[in-house]
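Please read it alongside the structure.

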Amino acid sequence: LSEKKNLTGGYVKGGANYNINDANNVFVNAGYISSQPNFDAVFPNFANAVNPDLQNEEITSFEVGYGLRLPSFSLNVNLYTTKWGNRFVSRSFTNEGGTTGTAQFRNIEQLHNGFELEANYTAIPNLRLKGMLSIGDWKYTKDFTSTLFDDTNTQIGTGTLYTKDAKIGDAAQFVSYLQADYSV
């Protein structure tokens, strides 16, 4: 049996759009998310003791953009920034002796900044061109320490992940495409 722990979370999001005229608009969006942590963060090391430093992940975001709508051309452009903090991540590792263990990182923080552009152009009635460009600058904001456990879930030490200003992996930070649709 373990003690119970309740964390309240939620989302607050809002935005505004202003139509300058029939063809042009500008918009702004902002949001705050307080998200309950995953199970690994509640019961670190797979024990029955609730994490004494348990806290929600916090995400704040802001976006500003512009849109253009003409009969044969449309364009959307936006800039965004998102800060994702208080993350908890658990990763397995193999130590020098070949045995496995777990590293648990607390208070991980990321900053996602970027620019996005989408455009559509009807060159002739049968030919439509589409394009997209997304340029991101997603980084970790600082170095992080971890608690290390061996394969029996016994704490064996601490470690540091040197990530300050390192790019965030497993998501493309530069994406583009160009497409042409021709109908006969």
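1. Start with tyrosine 66. Leaving aside neighbours within four places in sequence, tyrosine 66 is in contact (heavy atoms within 4.5 Å) with Asn24, Asn25, Val26, Phe27, Leu75, Asn76 and Val77. Tyrosine 66 sits in strand β3, residues 57-69. Strands here are DSSP runs of E of at least two residues, helices are runs of H or I of at least four, and both are numbered from the N terminus. The residue is partly exposed, because its relative accessible area is 28%. The cut-offs are under 20% for buried, over 50% for exposed and in between for partly exposed, with a 1.4 Å probe and protein chains only. The C-alpha atoms of tyrosine 66 and glutamine 155 are separated by 52 Å, and the two residues are 89 residues apart along the chain.

2. A word on the basis. This is a predicted model, in which local features need pLDDT of at least 70 and side-chain atom pairs count only at pLDDT 80 or more, while totals for chains, interfaces and linings use all residues. Residues are numbered from 1 along each chain as its sequence is written, and side-chain values use heavy atoms, with hydrogens and water left out.

3. Next, the salt bridges. The rule asks for a side-chain nitrogen of Lys or Arg within 4 Å of a carboxyl oxygen of Asp or Glu. By this rule there are five salt bridges. Asp137, Lys139 and Lys167 are linked in a network of them. Within it, lysine 167 meets aspartate 137 at 2.8 Å, N to O. That pair links distant parts of the chain, 30 residues apart: lysine 167 is in the loop between β8 (155-161) and β9 (174-182), and aspartate 137 is in strand β6 (residues 127-140). Lysine 139 also bridges to aspartate 137, at 3.9 Å, N to O.

4. Lysine 167 has a relative accessible area of 48% and is partly exposed.

5. Another salt bridge joins lysine 164 and aspartate 165, at 3.9 Å from N to O. Aspartate 165 is partly exposed, with 46% relative accessibility.

6. Now the aromatic pairs. Rings of Phe, Tyr and Trp (its six-membered ring) pair if their centres lie within 6.5 Å; planes under 30 degrees apart are stacked, over 60 edge-to-face, and the rest tilted. The count comes to two aromatic pairs. In the pair of tyrosine 140 and phenylalanine 144, the ring centres are 6.0 Å apart and the planes lie at 75°, so the pair is edge-to-face. Phenylalanine 144 is buried, with a relative accessible area of 2%.

7. On to the largest pocket. Both pockets and cavities are found on a 1 Å grid over the protein atoms alone: a cavity is a set of points where a 1.4 Å probe fits but cannot get out, a pocket is an open set with protein on both sides within 12 Å along at least five of seven lines, and lining residues have an atom within 4 Å of a point. Points are joined across faces, edges and corners, and the volume is the space filled by probe spheres set on them. The largest pocket has a volume of about 260 Å³. Its lining has 13 residues, and Arg87, Val89, Arg91, Gln110 and Tyr140 lie nearest the centre. The elements giving two or more residues to this lining are β4 (73-94) and β5 (100-124). By class, the lining has seven nonpolar, three polar and three charged residues. Nonpolar covers Ala, Val, Leu, Ile, Met, Phe, Trp, Tyr, Cys and Pro; charged covers Asp, Glu, Lys and Arg; the others, Gly among them, are polar.

8. Which residues line the largest cavity? They are Pro37, Ala41, Asn51, Asp53, Leu54, Gln55, Asn86, Arg87, Phe88, Arg106 and Asn107. β4 gives the most to its lining, with three residues. The lining divides into four nonpolar, four polar and three charged residues.

9. Last, arginine 87. Arginine 87 lies in strand β4 and is buried, with a relative accessible area of 17%. Not counting residues up to four places away in sequence, arginine 87 touches Glu57, Phe105, Arg106, Asn107, Ile108 and Gln110.
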